[in-house]
Amino acid sequence: MTLENTVPAPPPLSIERFSHLLGAIYDTAQDTDSWSACLEQVRKEFSGNYCSLIVRRASGADLGYVISAAGDMRVLSSQHPMVGLSPFSCIRPERVVTTSDLLSPDEWRSSVYYREWCEPHGVFHVMAVDIDLPGIGTYGFRVTRPEQAPPFSMADRSLCEHLIPHLRRALTLYAAVNHDRQVDSMYRHAMGQLMVAVFVLDENGVILERNAMANDIVALGDGISISSQKLCATYPADNRKLYQMIQKVLSQGSQGEAGKTAMVEAMSLSRPSGRVAWGVVAQAIHSTEWTEGKRRPSVAVFMRDAESRSEPPARLAQQLFQLTPAETSLAIQLANGLSLDEASEVLNIRRNTARAHLRSIFSKTGVRRQTELVRIFLNSVALLGNEP
């Protein structure tokens with residue numbers, strides 16, 4: 001009896017195990033950190049010593065990116081340049097192949113790829129398939145066994161073929177979810193750079209979420225606070241108005257339809273500090289048939305400080321308006337409401353120097369008055385350019 005015949009074959013795949021395997025695959029759509037655990041389950045199901053997903057292949061100086069499971073060790077690793085010599089690097093997408101489909105045993109043993117990469121890692125039998133996602137990329141799925149283990153059987157191929165559509169869907173779902181997260185992150189960043197506070201409330205007016213600017217405004221304790229996870233104004237009269245505004249938007253929003261213009265209400269909130277009142281806007285968030293139920297986003301409340309100072313990145317402002325560093329610094333101070341004399345004092349320059357800079361700024365931007373300069377700066381995209 002040969003050694004490879006002594007290796008026990010895996011038990012027949014039950015519905016419960018297959019269902020568990022699919023659950024692990026689809027969990028990866030929400031969390032890429034779960035890929036290693038998923039591949040570990042697949043590895044065990046195939047009685048392999050490695051199971052890997054090639055996310056990005058090696059090319060040039062880029063070593064690529066591979067998610068790999070090996071026994072009890074789960075590793076996220078870069079791909080060795082030797083992998084570029086793999087006979088599996090150019091297989092037809094969606095076709096499950098094994099080593100014996102491409103090379104004879106002697107050819108496989110004599111190949112540089114086997115000697116330099118596979119043999120040192122105890123890899124002899126390989127089952128591979130490439131998963132092509134149009135517009136996204138091609139992922140490589142690989143399961144391996146040591147030489148003393150039996151080669152991959154027709155049953156192994158069949159199971160792999162049944163898993164591939166689910167792996168493809170999970171990868172497609174992850175790409176879509178990740179794209180939405182990136183877009184959401186950019187929107188959040190833009191709102192923060194525009195110094196707009198955002199509170200998202202549920203159907204009971206309870207705060208579900210708030211951005212960094214909202215936290216900063218609440219921390220000031222100047223006209224707005226949070227009590228029992230609800231927004232509260234400092235003064236009773238303002239608090240009643242705020243409550244009534246939110247309730248009005250809630251009642252109208254519950255009757256609206258997704259895709260239709262959402263109801264919007266506005267008010268101002270007095271500040272004990274005596275500074276300019278907060279501007280507050282509440283807008284309904286329409287639900288759909290799939291988002292009904294408790295704790296769903298129902299109202300967005302926006303707040304902004306009319307006196308807040310803009311701090312656009314100087315480099316971007318220079319690029320947008322072709323200004324020198326000194327001119328950019330002066331323009332930013334003027335955009336924040338300072339007079340020419342006040343800006344000169346803040347920047348520690350002479351008034352005549354400031355006037356010379358201002359004339360140059362007018363010439364480069366095409367404006368004639370300081371108020372126009374303020375307007376174009378505050379309306380420019382420079383404010384959106386800070387790093388998240």
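Begin this predicted model at its largest nonpolar core, a set of 29 residues. Select Trp35, Leu39, Phe46, Phe141, Cys160 and Leu163, the residues with the most contacts inside this core. Next, colour the elements that each supply at least two of the core residues: the helices α1 (15-27), α2 (35-45) and α6 (154-193), together with the strands β1 (50-56), β2 (65-70), β5 (125-133) and β6 (137-145). Among these elements, α6 gives the most, with 7 residues.

Now centre the view on Leu163. Which residues does Leu163 touch, not counting residues up to four places away in sequence? They are Phe18, Leu21, Leu22, Ile25, Val42 and Phe46. Apart from this core lies another, of 25 residues; select Leu201, Ile224, Met267 and Ala284, which are among them. In soluble globular proteins, nonpolar side chains tend to be buried together.

The cysteines come next. How many disulfides does the model contain? The count is 0. Select Cys38 and Cys51: the sulfur of Cys51 is the closest cysteine sulfur to that of Cys38, yet the 7.6 Å between them is too far for a bond, because a disulfide requires sulfur atoms within 2.5 Å. Cys38 is buried, with a relative accessible area of 1%. Cys232 is also buried, and its relative accessible area is 18%.

Finish at helix α9, residues 314-321. Select Leu316, Ala317 and Phe321, which are buried. These residues lie on the same side of α9 because they cover an arc of only 110° around the axis. Then step to Gln322, which follows α9 and has a positive phi, near 55°.

Methods:
Residues are numbered from 1 along each chain as its sequence is written. This is a predicted model: local features need pLDDT of at least 70, side-chain atom pairs count only at pLDDT 80 or more; totals for chains, interfaces and linings use all residues. Side-chain values use heavy atoms; hydrogens and water are left out. Buried means under 20% relative accessible area, exposed over 50%, partly exposed in between (1.4 Å probe, protein chains only). Helices (H or I, at least four residues) and strands (E, at least two) are DSSP runs, numbered from the N terminus. The arc is that of the directions from the helix axis to the C-beta atoms. A nonpolar core is a set of buried Ala, Val, Leu, Ile, Met, Phe, Trp, Tyr and Cys residues joined through side-chain atoms within 4.5 Å. Contact means heavy atoms within 4.5 Å.
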